[in-house]
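Hi,

Here is the structure I promised to send over. Have it open while you read, and I'll walk you through what turned up.

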Amino acid sequence: MSATNENGSFTGRVAFVTGAASGIGRATALAFAREGASVVIADLSDDGNHETARMIEDLGGRAVAVRCDVTRTEDVAAALDRTSTVFGRLDFAFNNAGIEQPVAAAAELTEQEWDRVVAINLRSVFLCMKRQIPLMLAHGGGAIVNTSSGAGVVGIAGQAAYAAAKHGVIGLTKSAALDYASSGIRINAVCPGIIGTAMMDRFTGGTAEGRERVISQEPIGRMGTPEEIAAAVTWLCSDAAGFVVGHAMVIDGGQTAGL
């Protein structure tokens, strides 16, 4: 099934975005709306959810904000039930919710820190896809994009839990893609590098020195923007990417190119 109409617009389609209250999730929700899709905004932040919804409505789009803890089966089920009730279908999903890991050597991580990072960054993607896929199958197919990371393709010192989870997202994406490609559902991943978001501000300590330290890792000499990731996600959901299945698209300014 083609996920878009002939002119590339997503008019009449429905997108579900987790982590949509800010950063990459918000930018992608807005990008879907600009292409004409109705958008379900799923996040723990009520204020952020409603602000993203307001921004979409200001564009003339339609949005529904749903409070959702992506680690809770019942929250995910309720959010996707709401999607089905309000819009009657699901065409696109961007499973993007995630958190950073405090810098710590592997043996210094607590079990609680490990469990939290893996639950939010990996288990949530499984919980979401488990409920998104049947909704898409009911209407002939769709497209799912999962957020991995540059840390999903290389190891990073001090980031054992984060890298393990993000590597896991790629394995999950590729395996699920093979399960459903013949049923009209394309599943891919994006692997952002250093992107200018609130999460990155927390990671760098919000200081000029911290920002310069991470930017020095980027051959392109700058951080990426949430909008650059959003453009990749909407492309992966479009007809233009109709032959792209099980791909992990690295978007990192060259950070991992020489590794």
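α4 (111–137) and α5 (160–180) are roughly parallel to each other, because their axes pack at an angle of about 15° and angles under 35 degrees count as roughly parallel, over 145 as roughly antiparallel, 65 to 115 as roughly perpendicular and the rest as oblique. Before going further: this is a predicted model, where local features need pLDDT of at least 70 and side-chain atom pairs count only at pLDDT 80 or more, while totals for chains, interfaces and linings use all residues. Residues are numbered from 1 along each chain as its sequence is written, and side-chain values use heavy atoms, with hydrogens and water left out.

Back to that pair. The axes of α4 and α5 are 8 Å apart (axes are lines fitted to C-alpha atoms, for helices over the stretch in contact, and angles run from 0 to 180 degrees between N-to-C directions). Helices here are DSSP runs of H or I with at least four residues, numbered from the N terminus. The crossing of α4 and α5 is right-handed, meaning that the near helix is turned clockwise from the far one by less than a right angle. Who touches whom? On the α4 side you'll find, among others, Trp 114, Phe 126, Met 129 and Ile 133, and on the α5 side residues including Tyr 162, Leu 172, Ala 176 and Tyr 180 (contact means heavy atoms within 4.5 Å). By class, that contact has 18 nonpolar, two polar and one charged residue. Ala, Val, Leu, Ile, Met, Phe, Trp, Tyr, Cys and Pro count as nonpolar, Asp, Glu, Lys and Arg as charged, and the others, Gly among them, as polar.

Two other helix pairs are worth a look. α3 (residues 73–87) and α4 have axes that come within 10 Å and cross at roughly 30°, which makes α3 roughly parallel to α4. Their crossing is right-handed. Val 76, Ala 77 and Leu 80 are among the α3 residues in this contact, and α4 brings residues including Arg 123, Leu 127 and Leu 135. The contact of α3 with α4 splits into six nonpolar, three polar and two charged residues.

α1 (23–34) and α2 (residues 46–58) pack at about 25°, with their axes 10 Å apart, so α1 is roughly parallel to α2. This crossing is right-handed too. Arg 26, Ala 29, Leu 30 and Ala 33 of α1 meet Gly 48, Glu 51, Thr 52, Met 55 and Ile 56 of α2. Five of these residues are nonpolar, two polar and two charged.

Now the pockets. What is the volume of the largest pocket? About 1,200 Å³. On a 1 Å grid over the protein atoms alone, a pocket is an open set of points where a 1.4 Å probe fits, with protein on both sides within 12 Å along at least five of seven lines, and lining residues have an atom within 4 Å of a point. Points are joined across faces, edges and corners, and the volume is the space filled by probe spheres set on them. The largest pocket has 49 lining residues, and Gly 98, Ile 99, Glu 100, Tyr 162 and Met 199 are the closest to its centre. α6 gives the most to this lining, with five residues. Sorted by class, the lining has 23 nonpolar, 20 polar and six charged residues.

The second largest pocket has a volume of about 170 Å³. α4 supplies the largest share of its lining, five residues, and α5 supplies at least two. Phe 126, Met 129, Leu 172 and Tyr 180 are among the lining residues. Here the classes are seven nonpolar, no polar and two charged.

Cheers
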